[in-house]
Amino acid sequence: MYSPQIILEAMLNGLMTGAVYALIALGLTLIYGVLHIINFAHGALLTCAMFAVWVAWAWLGMDPYLAIPILVPLMFALGYGLQRFVIGPASHGDDGNILLVTLGLSIILENVLLATFQSDTRTLDTDYSFQVVPVGPLLLSTPRLIGLVAAVVVTALLWLVLNRTDTGKAIRAVAKEKLGANLVGIDVPHIYAVTFGIGCACLAVAACLLMPTFYVNPRIGNVFVLVAFTVVVLGGMGSIPGALLGGLFIGVVESLCGLYLGDSLGQIGIFLIFIAVLLVRPTGLFGAKA
Amino acid sequence: MLAVESLSKRFGGLLAVNRASLAVPQGAIIGLIGPNGAGKTTLFSMISGFVPPTEGRVRFEGADITGEEPHKRAQRGIGRTFQIVQPFAGLTVCENIAVGAYLRHARRADAIARAREVAARVGLGGDLDKSASGLTVAGRKRLELARALATEPKLLLLDEVLAGLNPSEIRDIIPVIRGIRDEGVTILMIEHVMQAVMNLCEHVYVLAQGCMIAEGPPAKVCADAHVIEAYLGHGAAARLQAEEAGHA
Amino acid sequence: MTARDILSIAVLIALAALVPLATSASTVLNFLVFMLIIALGAQGWNILGGFGGQFSFGHAAFFGTGAYATAILQLRYGINAWVGLGAAVVAGAAVGWVIGFLSFRSGLRGSYFALVTLAFAEVLRILANAAGFTGGAAGLLIKLDVRPENLQFENRAVFYWVVLGFVGAVLLLTRWIQRSRFGAQLVAVRENEDAAKALGVDSLRVKLRAITLSAGITALAGCLYAQYFLYIDANIAYGTWISIEFLLAPIIGGVGTVFGPVAGALTLHGLGELTKAFAGRIPGIDLIVFGTVLVLAIAFAPGGILGLLGRLRAKGAGLLPTGSKEVSHAGR
């Protein structure tokens, strides 16, 4: 029905979109893997990051890619602070409460953004927003291709941090056995906050990569967060490689669904997969035990 | 009443229970003892339906219940307590027991009345309106017992119901257990407290490393060399005998 | 259920019924009707989430089904609005049963259950947005034909009384459940599912009953919404906003209590209106307040408003309550 070229293009587009999903999911899966919480505020935090990129561009003329080194520490700090001083204390350690606190946070963040920026959709323009790179017979969007590469790089970096640094070891220790880690002297609330911060830092990178080709409004995070959940559940809660592979897979699924079913139904494939995975194998393809 | 036939349970590479068989005649108090990690609670979980066996059958009153869900077994009349007590933390003692009573009584008034009766039986009559989470360890054990009793079981599986109790509490609860049997409830109990086992049980099964290694009246079983070795290690039986010979 | 229970609920409803006599401003009545519809849906959520302990983040699935069911039956099949009401409840309950069966059979609990309900609601939203017979992105407009047979009333106060009547009925139903075997079993499953099973409770069946009932009640709220505001689209019917409303109200008011959802809906929306009165120019300010109240409630008052009132009353009486007539529970 469709020529191989069109299908290939859809798949490559899906991979590039999926790369961003993977980046967003990375933070979510890390937070789940270590804190064992489902962070409902993830989408709102992404929106915050995206607005930050836009503001940096609109008020300071800063290029989104150049904003990465500035936004990453900022978002890390925000995540650290939120976990250390809001989420941790408010939830008294109860999982059900954490769910609700992150939900409350997401409502607050989203609407603060709404109050500050109104509901208008905003975009930013860069010289390379519409550049394309010829790959064989296809023309691929440069910034989105950069996004794909960056996602793989960030995943690798994250893996390195977790497996080769002391902090990473501490994080893995807390993820596996909180009490034991505490007993050997690891400051668990600090590690929790660091993990949350890293999760938000990943969002910062995702935001910088998205903005050249995408738009932002206060509700945009919601769109991404459900997809991110799907990626995390599919790839396995707490699995870094799972988040990358899951993200790419979901991106391709969405693209192909959009091709065959039209845009309005495009996302339905994702949620059906989500439901199916939850019902059949909630620990995901690579996941640790839930 | 209860027949366990060659029950086995494999968790991945670990064979937790290896072809264990036992029989519980009606009206008896039967003990199941063995060192820690022997697989006793796993065996209980298979009998009560929480863990599906890898092999073997469980028969209750002649019927094969091997595949049945826990709540169905409770409806048949198999009650169980948990080794790690599981109270309904947010409810009062009375409400806790009432959940059990509701199995046989649909009306609230009846269930509450029955709950009060059972509570008095086990000595919780004065604590009915206390929150379950506010009870002492001994209180929670009694609550476990009361809840299971409220379902009017024919067979009661007690999993270390005496663990964590001090000697006077143990002394107080032994007649309660005997009283339950005297009212017609058959009892199969996992226990570590030997004093209770010797006192209550007519027949004892010994499980070690997943296998039944001995059975018989308590006194005979405790003198059995295999049993002693299971608890105290290889060669312990011979050493003990030598010591006794030396003293005589 | 004692005579005292029935009396206290009846008195409350009677008092509430007097409100429209004090004002006929349509904005006020709109607000009140809307708030009651939220309260009704929240009562539905509370049965599954409060008593059952299964937090659904996708109750929009039932709300929307109720709304669309009644709208489609009236618009495309000319069915009477009152019959449509009954059909909406049945449709919602059916959807609830299906979602419950799939989720509970797979053993989903806690956060996983919340996620899967969110996903189901989202799937329905996408489908409703795309399908022809739900009006697609344009939505559905119920024909304005103001006659009582059509569940449309000249005087808005009448609609208010209709919704109030349903709220009162569900209050009675909730109280009855609380004192019934089903209620005790449901709460037992919430507290400790394994222990409940060991006591003979068929936890799957109990949870299914709870979700079916919960869905039916929330679908009723959806139907009433459609009937009053006469316009729905996929985002109104199945959007996350309504799922959030239905879980916020019971949690703020006192999850697992009879009056919690109503108290919560009243407080939240009253607070919202107050906020808008002072700072109305700022978009989303009322939601910021909602989110903040949620976080504060979890942090300091997990039993919600009713929990707070209970503690204050006990402090006033000089002792802390040990029993539980209405036990409030934060989600477990």
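Two residues are in contact if their C-beta atoms, placed from the backbone, lie within 7 Å.

## Model and numbering

This is a predicted model, in which local features need pLDDT of at least 70, side-chain atom pairs count only at pLDDT 80 or more, and totals for chains, interfaces and linings use all residues. Residues are numbered from 1 along each chain as its sequence is written, while chains are lettered from A and ligands numbered from 1 in the order in which they are written.

## Contact between chains C and A

In chain C, 38 residues are in contact with 35 residues of chain A. Helix 5 (110-130), helix 11 (240-253) and helix 13 (285-300) of chain C each give two or more residues to this side; helices (H or I, at least four residues) and strands (E, at least two) are DSSP runs, numbered from the N terminus. Helix 5 of chain C provides the largest share, 15 residues.

## The sheet of chain B

Chain B has an open, antiparallel sheet of four strands in the order 2-1-4-5, where two strands pair if DSSP finds at least two bridges between them. Strand 2 (14-24) and strand 5 (63-64) of chain B are at the edges with a single partner strand each, so one side of each has no neighbour in the sheet.

Two bridges join strand 4 (residues 55-60) of chain B to strand 5 of chain B in the antiparallel sense. Opposite B:Asp64 in strand 5 of chain B stands B:Arg59.

## Confidence in chain B

The mean pLDDT (the predictor's confidence in each residue, from 0 to 100) of chain B is 87, and 99% of its residues reach 70 or more.
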